[in-house]
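Me: I have a structure open and want to learn how to read it feature by feature. Can you take me through it?

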Amino acid sequence: MFKIFILTIGVLSFLSASSELNWNSSYEKALKEAKAQNKDIYMLIVSSDCRWCRKFESTTLQDSEVIKRLEKKYILLEVNKDKDFIDPRFNTKSVPRHYFIREDEKIIHNFLGAWNRSDFYSFLKDVDKKRELILKTKENR
């Protein structure tokens, strides 16, 4: 009985930790929030039976620093390619697929994979550089 109690507490702890990120499930809602808050969108495309998606969600997306960084800069959107409508311009063939999208719906950067914390941070730096380049280009027009 005690083992079941401990197991239940462990499962509940995992579930509460995984709900720390405030995910949208609607692209339109995320876009409205992005415009209102002057943020970009981080869209994570997953599928129901993808073990790499679960791995990414249960490791990298549980890291408190990753959570802080994502929530500071992005409106978060998670869509399931098996259940949700996804605009055909977004590649959903392989998952987990990551898209960083400006509030004007232009794609800043995208990549594929279940990355660990340090590799994911590297991608976030790439996104920051691309975003800065886009903004500089826009200012010079």
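Me: Start with helix α4. Which exposed residues does the face turned away from its buried side carry?

Reply: This is a predicted model. In it, that face of α4 carries Lys-68 and Lys-72, both exposed.

Me: And which residues of α4 are buried?

Reply: Buried means under 20% relative accessible area. In α4, residues 64-73, that gives Val-66, Ile-67 and Leu-70. They cover an arc of only 100 degrees around the axis, so they sit on the same side of α4.

Me: What covers those buried residues?

Reply: The cover includes strands β1 (40-46) and β2 (74-80), along with helix α5 (117-139).

Me: Which residue caps the N-terminal end of α4?

Reply: Look for a side-chain oxygen and a backbone nitrogen. Asp-63 is the cap. Its side-chain oxygen lies 3.0 Å from the backbone nitrogen of Glu-65.

Me: Now the sheet. What is the strand order?

Reply: The order is β2-β1-β3-β4, in an open sheet of four strands with mixed pairing. β2 and β4 (107-112) stand at the edges with a single partner strand each, so one side of each has no neighbour in the sheet. From one strand to the next, the twist averages 15 degrees.

Me: In which sense do β3 and β4 pair?

Reply: Antiparallel, over five bridges, with β3 spanning residues 97-101.

Me: Which helices lie across β1, β2 and β3?

Reply: Take them in turn. Helix α2 (residues 27-37) lies across these three strands and runs at about 175 degrees to β2. Helix α3 (residues 51-58) also lies across them, at about 135 degrees to β1.

Me: Let me stay with His-109. Is it buried or exposed?

Reply: Compare its relative accessibility with the 20% cut-off. His-109 is at 12%, so it counts as buried. It lies in strand β4.

Me: What does His-109 touch?

Reply: Leave out residues up to four places away in sequence. His-109 then touches His-98, Tyr-99, Phe-100, Phe-123, Asp-126, Val-127 and Lys-130. With Lys-130, there is a side-chain to side-chain polar contact of 2.9 Å. For a sequence-against-space check, take Tyr-42: it is 67 residues from His-109 in sequence and 9.8 Å away in space, C-alpha to C-alpha.

Me: How do I read the backbone angles?

Reply: Most residues other than glycine have a negative phi, and most peptide bonds are trans. Then look for exceptions. Asn-38 has a positive phi of about 55 degrees. It is in the loop between α2 and β1 and counts as exposed, at 57% relative accessibility. Glu-105 also has a positive phi, near 75 degrees. It is found in the loop between β3 and β4 and is partly exposed, at 29%.

Me: Where is a cis peptide bond?

Reply: Check omega. Between Val-95 and Pro-96 it is about 0 degrees, and that bond is cis. Pro-96 lies in the loop between β2 and β3.

Me: Last point. Over which residues does pLDDT stay under 50?

Reply: Where pLDDT is low, the predicted coordinates should not be read in detail. Here the stretch is residues 5-19, for which the model has three contacts beyond four places in sequence. The protein chain averages a pLDDT of 88, and 87% of the residues score at least 70.

Key
Residues are numbered from 1 along each chain as its sequence is written. This is a predicted model: local features need pLDDT of at least 70, side-chain atom pairs count only at pLDDT 80 or more; totals for chains, interfaces and linings use all residues. Side-chain values use heavy atoms; hydrogens and water are left out. Buried means under 20% relative accessible area, exposed over 50%, partly exposed in between (1.4 Å probe, protein chains only). Helices (H or I, at least four residues) and strands (E, at least two) are DSSP runs, numbered from the N terminus. The arc is that of the directions from the helix axis to the C-beta atoms. Contact means heavy atoms within 4.5 Å. A polar contact is a pair of N or O atoms within 3.5 Å; within protein, one must be able to donate a hydrogen and the other to accept it, and residues adjacent in sequence count only if both atoms are side-chain atoms. pLDDT is the predictor's confidence in each residue, from 0 to 100. Two strands pair if DSSP finds at least two bridges between them. Axes are lines fitted to C-alpha atoms, for helices over the stretch in contact, and angles run from 0 to 180 degrees between N-to-C directions.
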